Amino acid sequence: IDRMVNDAEKYKNEDEVQKERISAKNGLESYIFNMKSTLDQDQIKAKLSEEEITGARTQLDAALKWLDANQLGEKDEYVDKQKELEAGLKKLVEKVYSGGQGGSGPQQTCGQQANMGHREPTIEEVD
């Protein structure tokens, strides 16, 4: 039993690092697919030019390709890639959501806007 407890303590930090890495990777992947889904909505297509949509899809496809090629990346790599992608799409997202904001209410980040209408399942829903 003592050996099992010692082993658990020994690997606890490694497990935490792995958990954070996977969480960052899943966050990036979720952001990419949420943005792709957003671009497919008719109300979004009406606010953007075909060139803007094509450019955004190109950025998202490139990020997804990068993600597929970097499955064993570090947490910081995934976080940096998501920030880079958010920065590249920021003006587009602002253009889409500026009309609905009307200048009132708190400003949202790109990630919050991409996740509008999407929420994580609760434990009750998963069980």
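**Figure 1. Asp7 and its salt-bridge partner Arg3 in helix H1.** Asp7 has a relative accessible area of 29% and is partly exposed; buried means under 20% relative accessible area, exposed over 50%, and partly exposed in between, with a 1.4 Å probe and protein chains only. The model is predicted: local features need pLDDT of at least 70, side-chain atom pairs count only at pLDDT 80 or more, and totals for chains, interfaces and linings use all residues. Residues are numbered from 1 along each chain as its sequence is written, and side-chain values use heavy atoms, with hydrogens and water left out. Arg3, at 62% relative accessibility, counts as exposed. The side chains of Arg3 and Asp7 form a salt bridge with an N to O distance of 3.6 Å; the term stands for a side-chain nitrogen of Lys or Arg within 4 Å of a carboxyl oxygen of Asp or Glu. Both residues belong to helix H1 (residues 2-39), and because they are four residues apart there, about one helical turn separates them. Helices (H or I, at least four residues) and strands (E, at least two) are DSSP runs, numbered from the N terminus.

**Figure 2. The salt bridge between Asp40 and Arg57.** The N to O distance between these two side chains is 2.5 Å. Asp40 lies in the loop between H1 and H2, and Arg57 lies in helix H3 (residues 50-69), so the pair ties together parts that are 17 residues apart in sequence. Asp40 is partly exposed at 46% relative accessibility. Arg57 also counts as partly exposed, at 28%.

**Figure 3. The salt bridge between Glu52 and Lys95.** The closest N and O atoms of this pair are 3.0 Å apart. Glu52 is in helix H3 and Lys95 in helix H4, so the bridge ties together parts that are 43 residues apart in sequence. Glu52 is partly exposed at 25% relative accessibility. Lys95 has a relative accessible area of 40% and is partly exposed. The structure holds seven salt bridges, including this one.

**Figure 4. Ile44 and its surroundings.** Ile44 is found in helix H2 (residues 42-47) and is buried, with a relative accessible area of 3%. With residues up to four places away in sequence not counted, Ile44 touches Thr38, Leu39 and Val96; contact means heavy atoms within 4.5 Å. Val96 is 52 residues from Ile44 along the chain, and the C-alpha atoms of the two are separated by 6.6 Å.

**Figure 5. Gln59 and Leu89, two residues in contact.** Gln59 is placed in helix H3, and Leu89 lies in helix H4. Gln59 is partly exposed at 31% relative accessibility, whereas Leu89 is buried, with a relative accessible area of 1%. Leaving out residues up to four places away in sequence, Gln59 touches Leu85, Gly88 and Leu89. On the same exclusion of residues up to four places away, Leu89 touches Tyr31, Met35, Ala56, Gln59 and Leu60. Leu89 and Ala56 are 33 residues apart in sequence, and their C-alpha atoms are 6.7 Å apart.

**Figure 6. The negative surface patch of Glu74, Asp76, Glu77 and Asp80.** Patches are made of residues with over 30% relative accessible area and no salt bridge; like charges are joined within 9 Å, and nonpolar side chains (Val, Leu, Ile, Met, Phe, Trp, Tyr) within 5 Å. Lys and Arg count as positive and Asp and Glu as negative, while His and the chain ends are not counted. The place of a charge is taken as NZ of Lys, CZ of Arg, CG of Asp or CD of Glu. Glu77, one of the patch residues, lies in helix H4 (residues 75-101) and is partly exposed at 36% relative accessibility.

**Figure 7. The protein as a whole, for orientation.** The protein has six helices and zero strands, which follow the pattern α-α-α-α-α-α along the sequence. Of its 127 residues, 26% count as buried. Among contacts with a separation of 6 or more, 70% are between residues 24 or more positions apart. The accessible surface comes to about 9,200 Å², and 50% of this belongs to carbon and sulfur atoms; areas come from the Shrake-Rupley method with a 1.4 Å probe, and for residues only the protein chains shown count as cover.
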